[in-house]
Every structure is written in C-alpha cells, then in structure tokens.
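Dear colleague,

Please find the structure below, together with its sequence. My notes on what was found in it follow.

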Amino acid sequence: MTKAKNIFSLPAITIQKDFLFPQVQKMFTIRKKISVATLNYLAASGNKQLVLLFQKNENPNPSLEDFYNSGLLVEVTQIITNIEPLDTTDVTCITEMVGANFVNINNVRLKEFFNPVNEQLEDFTECDFTIKDPIRIEHNQEVLSYIHLIKEISKKYAEISYLKDSIAQDILAADNNAFIAICYHLVSLVLKNNKDLIPFGLNIIDTNNALDVLKLSYDILSKELVSFEMRQEIVQKVKEETYNLNKEMVLRQQMKFIQEELNEGVDDFSLLEEKLKNIVPENIFNDVVVRELKKLNRISPLNAEHQVVRNYL
C-alpha cells in the first residue's frame, strides 16, 4: 500500500446488486474478467487487501460516476480459482472477504501487470481512496429512540428461523457504542435472505452518521418483517388448503367404499347415467347432464341437495 497525503491506492473489484459491511465475512463468486484479473494480481503480489467498489448500474465499462461514493476496504482470506463456470466462458473464482472500513473513492483506473501463471499481460482495476472516519453514536434523543425501536423489532426477529441463535438475540443486550457494528451484522443476514432489499442496504454505504444508519437499518428490518409475515401467511394458507383438499379426497373415497360395501349408489348411478345417455341429445348430454352427474356424484345421498339434483336429472 502506498500513501500520499492520506490518499491510498489498492487493487479494486466491482460488485453489482450485492453488499458487504465492516466486520462481516462473506463469500463472493467472481466471474467478470477484469475482476478475476485483479484477484490474480492480488495473489501474485502477495497482498491480501483490496477495495470493493459498489456499482449503481449495469454499465459493462463503468467509470467513477457509476459507483457509489463509498467503497469498502476488505481483507481477502481465501481465493479458489479454476472453477468451471456454469453460465459464462470466463474464468470463475470464489473469494472470501472480511469487511474492514468504509472508504471514500477518489479515482478508479486500469493498470497492467504480467501474470506469471499464464505468462500474459492483463489489465486490473486500481483505485485511490481515503479512509472514512468510524461512525460514532451520539447519545441524543432521536438516536436513542431508533436504538430502542431496533431492539424492539429484534425481539420479533429472534423468532425468525434463519435468525434464531444469531445476532438478532445479541442486539438486545448490545452496548450503544457497539450498536452500529451489530446493525451491520443483522442487516447483512436480512439482505442475504431477501435480495430484493439489497438496494436499500446499499444506501447505508454512503451514509456518514449514526442516525442515518439506524434509520435505514430500521427501515430494512421493518420491510423484511412484513415480507416474512406475508410469506408465513401464504405458507399457512397453502397448508390449510392442502389439508382441506386431502380431507375431502379421503372422505369421498371413504364414502365410495361405504356405498360399495352397502351396494348403494354405484349401480343406481351407472343406470341413471346410461338411461340419460340413451334419451338425451348428445350436445345436451355433454354440456348439461355430465355436469349435473358430476355434481350428483359429489353430494352425499344424505344431503337434501342430492335429491334435488336427482329429481332434476
């Protein structure tokens, strides 16, 4: 790492529609050719630090304006290369990273290096940055109010399956000064489970004060809680409908067996169907009689409607 007037330079890779926060560990699958080349340069240089650039759009050749103002200084703990890609002809690799600090991105450029593995010159991305000051909790009423709200909503999160025995419970006893780091962990778990909320999570990257981080975190947690409750409601309704359908099927089958054992209904129904088929025009039989016969077959003989339908036929 080189330093000049508090400006640092490091290799950088770009990620889209994804996230990482300080003190959070995550695996990334890297397929973009220049990002893979940047990891090759990192491995060749023996350095373990790089900067994650969060891209706002899908521009294939992004410039500085296409990135969020803030990036993340990370330490790469593992790189697995030469993995067969599933949907691309580019080389694919998996890298494990741990977030360190948010940084302000000053400049992004391409540089060239000689890759000793394939003995070719490759382009990689490098960026200039300054390290952002840590976000500190100011103990004013509004900040304390949002801390209280997040703790309250975390009580509900402790019941969510993918958050049980995790940071959702730890946050209830968290010291206010450590609250931002714990929010990062909790939001990371939520965004991992619900990728539709990632754009909201990326807004946290460019915030510079504790109150904004708390507001955005609470907003994400609230949205996921509503989404989770809706998903649970849908699952419950599907279970209930499946149970009712299975119950009806079983009862119909039982009724059929009982009728067969008592020699009731089956022969009589077949006789009625045959008789109607012989005397009713084919178009009326197919359109009306078949429908009414199905209805008759569904209704228990003990039901008053059974006799009404039979009289109609």
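Helix 1 is followed by G46, whose phi is positive, near 80 degrees. Helices here are DSSP runs of H or I with at least four residues, numbered from the N terminus. This is a predicted model, in which local features need pLDDT of at least 70 and side-chain atom pairs count only at pLDDT 80 or more, while totals for chains, interfaces and linings use all residues. Residues are numbered from 1 along each chain as its sequence is written, and side-chain values use heavy atoms, leaving out hydrogens and water.

Helix 1 itself covers residues 33–45.

The largest nonpolar core has 45 residues, of which F21, L50, L52, M97 and L214 touch the most other members. Such a core is a set of buried Ala, Val, Leu, Ile, Met, Phe, Trp, Tyr and Cys residues joined through side-chain atoms within 4.5 Å. Helix 4 gives this core its largest share, eight residues. Apart from it lies another core of eleven residues, among them F8, F67, I105 and F129.

N194 sits in the loop between helix 4 (179–193) and helix 5 (198–205). N194 counts as buried because its relative accessibility is 9%. Beyond its neighbours within four places in sequence, N194 is in contact (heavy atoms within 4.5 Å) with E224, S227 and R231.

Yours sincerely

Notes
Helices (H or I, at least four residues) and strands (E, at least two) are DSSP runs, numbered from the N terminus. Buried means under 20% relative accessible area, exposed over 50%, partly exposed in between (1.4 Å probe, protein chains only). The expected span of a helix is 1.5 Å times one less than its number of residues.
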